[in-house]
Amino acid sequence: MTSSPVLDPTRLAKLREALLAASYTADGCLDLLGPTGYAALARSEAVPALRATRGGSPLETLVRLFLLQQPVPYKAAAAALPVEDCLTDGWLRPDGELVRATVDIRPYADEVAGLPGADAWVVSDLGCAVGGAGGIGSGETAHGVARKDLVLGVGGASTTLANITVRRPVRSALDLGSGSGVQALHAARHARRVTATDLNARALRFTELTLALSGFDNTETAAGSLFEPVGERRFDLIVSNPPFVISPAGRFTYRDGGMAGDDLCRSLVRSAAAHLEPGGYCQLLANWQHVRGEDWHDRVAGWVAGTGLDAWVVQREVQDAAQYAELWLRDGGDHRGPGGDYQARYGEWLDAFEAGRVEGIGFGWITLRASGAAQPTVRVEEWPHPVEQPLGPHIEEWFDRQDFLRTHDDAGLLAARYVLADEVVQEQVGAPGAEDPEHVILRHNRGMRRATKVDTVGAGLVGVCDGTLSAGEIVDAIAQLLGEDRVVLRDRVPESLRLLTEQGFIRPVG
């Protein structure tokens with residue numbers, strides 16, 4: 001196993017100072033490369049960035065070293081960072097009169113809702129970060145590292161999880177399956193203490209490098225699978241981007257859980273309750289099987305049943321068995337190898353899915369909360385539409401609204417006062433020239449960006465929700481205006497109130 005750089009606090013602080021001095025930050029790289037070059041890097045296309053870094057400045061040198069993974073002259077490296085320290089500690093290696101990076105150091109805008117942004121860096125294996133233009137390549141080793149032990153950097157999944165995580169000051173947080181430490185990096189900004197765990201010892205080392213280089217010392221690491229490393233400890237926040245890929249063989253530690261089907265994600269959900277403090281959240285990304293003859297909603301809801309946890313599960317995408325196999329075979333570089341090997345592995349995936357009657361694989365988010373409610377709320381839905389990011393604040397508000405709805409019967413809903421949520425608009429749909437619209441649509445431009453159809457009473461109620469009058473008082477006024485029976489309307493409206501509150505179109509006051 002190839003070793004990772006040495007973590008020497010004093011020399012690491014000097015390296016961090018050099019990165020900052022050269023503006024080797026997310027903003028600095030964007031300014032240097034421009035939107036076109038920066039976007040190309042995210043597609044692993046290096047040519048625009050190579051053209052933009054021909055001047056030899058310290059920032060250009062660092063971009064070439066750590067993002068483009070190109071050799072640079074020793075003298076240029078020495079002008080950009082403490083080169084001898086970096087050679088001694090293993091961040092760089094000599095190559096004749098040149099030096100090369102041994103790891104990918106990616107500038108990262110560490111943004112947490114409610115806190116000002118901070119400069120940070122994510123350390124990963126070469127070619128394993130978005131923008132790591134070297135590419136992982138094919139075969140069972142990559143850059144001298146066994147592929148099963150590779151540590152990935154910032155990717156779409158890690159960014160998604162960071163954006164949906166509920167951010168609030170907490171005492172303790174757990175990053176389960178930390179990889180290069182992206183989630184731990186975010187959590188360290190709003191948790192007093194962060195514990196990061198991973199089955200891969202190299203991953204924990206990279207997590208430590210990411211956090212130390214980014215200036216955090218409120219973290220610890222522990223090796224092991226799932227919750228084993230933390231025993232019976234409980235946390236206010238658990239986040240996990242687990243190895244959720246459903247594969248016929250656990251080839252790669254960073255992605256394959258090694259359990260049958262979707263058992264790893266199910267096990268994580270089932271075990272979460274025993275490790276959450278009261279009011280604590282557990283948030284993870286997951287894959288689940290769509291099995292012939294089963295409703296996937298029931299399958300995933302069954303993972304939560306009996307845990308005592310509130311749950312909100314959102315399926316963002318579904319792939320058929322062939323699409324899914326192709327995606328992860330490409331991820332493993334199998335498409336670059338001999339055609340016969342690719343076809344054989346493709347066949348193994350399809351054989352496994354056929355044996356399990358798996359017709360498709362769903363991908364999405366799972367948020368769990370230890371509310372302590374006697375009757376937990378469990379919502380499982382499909383939502384492939386665009387959402388506002390970061391979504392974490394909206395997810396927290398959704399769970400808060402479940403507390404309100406649980407404790408208010410129909411009479412309580414009518415007695416409560418509400419305000420219209422920000423950026424809700426009304427659309428009227430009907431034939432041109434018609435006196436009245438056929439449909440009235442409320443559209444929310446924040447959070448999940450939902451839309452719902454309402455009747456005249458619902459539209460009128462929402463339009464005057466400013467927190468002054470109770471819903472019941474508004475309904476009585478509408479009944480008088482329309483000449484309808486107020487008792488009948490009062491019986492009908494609570495169902496709409498529940499829907500509009502649950503989906504965030506209106507918010508209860510107080």
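Here are some friendly notes on this predicted model, point by point.

1. **Ground rules.** In this predicted model, local features need pLDDT of at least 70 and side-chain atom pairs count only at pLDDT 80 or more, while totals for chains, interfaces and linings use all residues. Residues are numbered from 1 along each chain as its sequence is written, and side-chain values use heavy atoms, with hydrogens and water left out.

2. The structure holds 26 salt bridges, each being a side-chain nitrogen of Lys or Arg within 4 Å of a carboxyl oxygen of Asp or Glu. One of them joins Asp 89 to Arg 11, with the closest N and O atoms 2.7 Å apart. This pair links distant parts of the chain, as Asp 89 is in helix H6 (residues 83–89) and Arg 11 in helix H1, 78 residues apart. Helices (H or I, at least four residues) and strands (E, at least two) are DSSP runs, numbered from the N terminus. Asp 89 counts as buried because its relative accessibility is 5%, whereas Arg 11 is partly exposed at 27%. For these words, buried means under 20% relative accessible area, exposed over 50%, and partly exposed in between (1.4 Å probe, protein chains only).

3. The C-alpha atoms of Ala 13 and Ser 214 are separated by 9.1 Å, although the two are 201 residues apart along the chain.

4. **Linking H18 to S15.** Glu 502 and Arg 379 meet through their side chains in a salt bridge (3.3 Å, N to O). Here too the pair links distant parts of the chain: Glu 502 is in helix H18 and Arg 379 in strand S15, 123 residues apart. Glu 502 is buried, at 10% relative accessibility, and Arg 379 is partly exposed, with a relative accessible area of 24%. Arg 492 is also found in helix H18 and is partly exposed at 39%.

5. **A salt-bridge network.** Within helix H14, Arg 406 and Asp 403 are three residues apart, about one turn of the helix. Salt bridges that share partners join Asp 310, Arg 369, Asp 403 and Arg 406 into one network. The side chains of Arg 406 and Asp 403 meet at 2.7 Å, N to O. Arg 406 is partly exposed at 28%, and Asp 403 is partly exposed at 29%.

6. **A negative surface patch.** Asp 409, Asp 410, Glu 484, Asp 485 and Asp 491 gather in a patch of negative charge on the surface. Patches are made of residues with over 30% relative accessible area and no salt bridge, with like charges joined within 9 Å and nonpolar side chains (Val, Leu, Ile, Met, Phe, Trp, Tyr) within 5 Å. Lys and Arg count as positive and Asp and Glu as negative, with His and the chain ends not counted; the place of a charge is NZ of Lys, CZ of Arg, CG of Asp or CD of Glu. Accessible areas come from the Shrake-Rupley method with a 1.4 Å probe, and for residues only the protein chains shown count as cover. Asp 485 is in the loop between helix H17 (471–482) and helix H18 (486–502) and is partly exposed, at 45%.

7. **Strand pairing.** Two strands pair if DSSP finds at least two bridges between them. S1, S3 and S2 form an open sheet in the order S1-S3-S2, with antiparallel pairing. The edge strands, S1 (72–73) and S2 (92–95), each pair on one side only. In S3, Val 99 is the bridge partner of Val 72. Elsewhere, strand S16 (residues 417–420) pairs in the antiparallel sense with strand S20 (residues 466–470) over two bridges, and with strand S21 (residues 506–508) over three bridges. Arg 417 has Ser 470 as its bridge partner in S20, and Leu 420 has Ile 506 in S21.

8. **Backbone spots to check.** The peptide bond from Gln 389 to Pro 390 is cis, with omega near 0 degrees. Pro 390 lies in the loop between strand S15 (378–382) and helix H14 (392–406). Leu 226 has a positive phi near 50 degrees without being a glycine, and is buried at 18%. Glu 423 has a positive phi of about 60 degrees, and is not a glycine either; Glu 423 is partly exposed at 46%.
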